Amino acid sequence: MAENTKNTTDNAKMPETWDELKEQPLFAGLPDMAKPQELNVAQSAEFSVTWQRISERNGKLGDMGFFDDDKADKPKKKPKYDESEAVILMAEIVQYADMFYREIAADEKQWDEFTRGRTLENLYVLLVSLTTFYSVALGKSSASKTRLENAE
């Protein structure tokens, strides 16, 4: 399972705009939802919690050798890959991300339709990619607002 996920995520270029995101095959049919720059205070806070939960679990997947990255510095002792633990971590990532995106989707039924019938691996790649997009976009949005405030 690890090799397929690595290949899927390595080949994708991270989009920079919402329109670029929706043009990617992985996001075909993505329903309307609050864009990163439109998140209100509660949504921004919830995104931070979601990001933290996903990052922690992704870190554990990496520590166990899930991504099998030959280019990374190899530790002296090879980590023990545990398929059961990897599935649980991926499922938790998917569940946490789904809770967040379901809340910011304009229509929850469209979100359900968009995510229905996908494998855990596909949902993992989809939701980690979407979360990374939101994180980068929020960072850009925050940076631009900080520059405007400093300019006055």
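Author: The largest cavity has a lining of Pro15, Glu16, Phe133, Val136, Ala137 and Lys140. Do keep in mind that this is a predicted model, in which local features need pLDDT of at least 70 and side-chain atom pairs pLDDT 80 or more, while totals for chains, interfaces and linings use all residues. Residues are numbered from 1 along each chain as its sequence is written, and side-chain values use heavy atoms, with hydrogens and water left out.

Reader: What makes a residue part of the lining, and what makes the space a cavity?

Author: On a 1 Å grid over the protein atoms alone, a cavity is a set of points where a 1.4 Å probe fits but cannot get out, and lining residues have an atom within 4 Å of a point. Those six names, Pro15, Glu16, Phe133, Val136, Ala137 and Lys140, are the ones that line the largest cavity.

Reader: How many cavities of 30 Å³ or more are there, and how much space lies in the largest?

Author: One cavity reaches 30 Å³ or more, and the largest holds about 30 Å³. That volume is the space filled by probe spheres set on the points, with grid points joined across faces, edges and corners.

Reader: By class, what is the lining made of?

Author: Four nonpolar residues, no polar ones and two charged ones. Here Ala, Val, Leu, Ile, Met, Phe, Trp, Tyr, Cys and Pro count as nonpolar, Asp, Glu, Lys and Arg as charged, and the others, Gly among them, as polar.

Reader: Which elements does the chain have, and how many of each?

Author: Six helices and zero strands, where helices (H or I, at least four residues) and strands (E, at least two) are DSSP runs numbered from the N terminus. Of the 152 residues, 34% count as buried.

Reader: Why is arginine 57 called buried?

Author: Buried means under 20% relative accessible area, exposed over 50%, and partly exposed in between, for a 1.4 Å probe and protein chains only. Arginine 57 has 15%, so it is buried. This residue belongs to helix α3, residues 41-63.

Reader: What makes its pairing with glutamate 92 a polar contact?

Author: The two side chains come to 2.7 Å. A polar contact is a pair of N or O atoms within 3.5 Å; within protein, one must be able to donate a hydrogen and the other to accept it, and residues adjacent in sequence count only if both atoms are side-chain atoms. Beyond its neighbours within four places in sequence, arginine 57 is in contact (heavy atoms within 4.5 Å) with Leu89, Glu92, Ile93 and Tyr96.

Reader: And why does threonine 50 count as buried?

Author: Its relative accessibility is 1%, so threonine 50 counts as buried.

Reader: How do you know that the length of α3 agrees with its residue count?

Author: The expected span is 1.5 Å times one less than the number of residues. For the 23 residues of α3 that gives 33 Å, and the end C-alpha atoms are 33 Å apart, so the two agree. Helix α4 (residues 83-104) passes as well: its 22 residues should span 32 Å, and its end C-alpha atoms are 32 Å apart.

Reader: What caps the N-terminal end of α3?

Author: Asparagine 40 does, with a side-chain oxygen 3.1 Å from the backbone nitrogen of alanine 42. At the start of α4, a side-chain oxygen of aspartate 82 reaches to within 3.0 Å of the backbone nitrogen of serine 84. After α3 comes glycine 65, with a positive phi near 90°.

Reader: Is methionine 90 buried or exposed, and why?

Author: Buried, because its relative accessible area is 0%. Methionine 90 sits in α4, and its C-alpha is 7.7 Å from that of glutamate 121, 31 residues away in sequence.

Reader: Why is leucine 26 called partly exposed?

Author: Its relative accessibility is 22%, so leucine 26 counts as partly exposed. Leucine 26 lies in the loop between α2 (18-23) and α3. Apart from neighbours within four places in sequence, its contacts include Phe114, Val125 and Leu126.

Reader: And what about glycine 139: what is its class, and why?

Author: At 37%, glycine 139 is partly exposed, because that value is in the range for the class. Glycine 139 is in helix α6, residues 120-151. Glutamine 37 is 102 residues from glycine 139 in sequence and 9.4 Å away, C-alpha to C-alpha.

Terms used. On a 1 Å grid over the protein atoms alone, a cavity is a set of points where a 1.4 Å probe fits but cannot get out, and a pocket is an open set with protein on both sides within 12 Å along at least five of seven lines; lining residues have an atom within 4 Å of a point.
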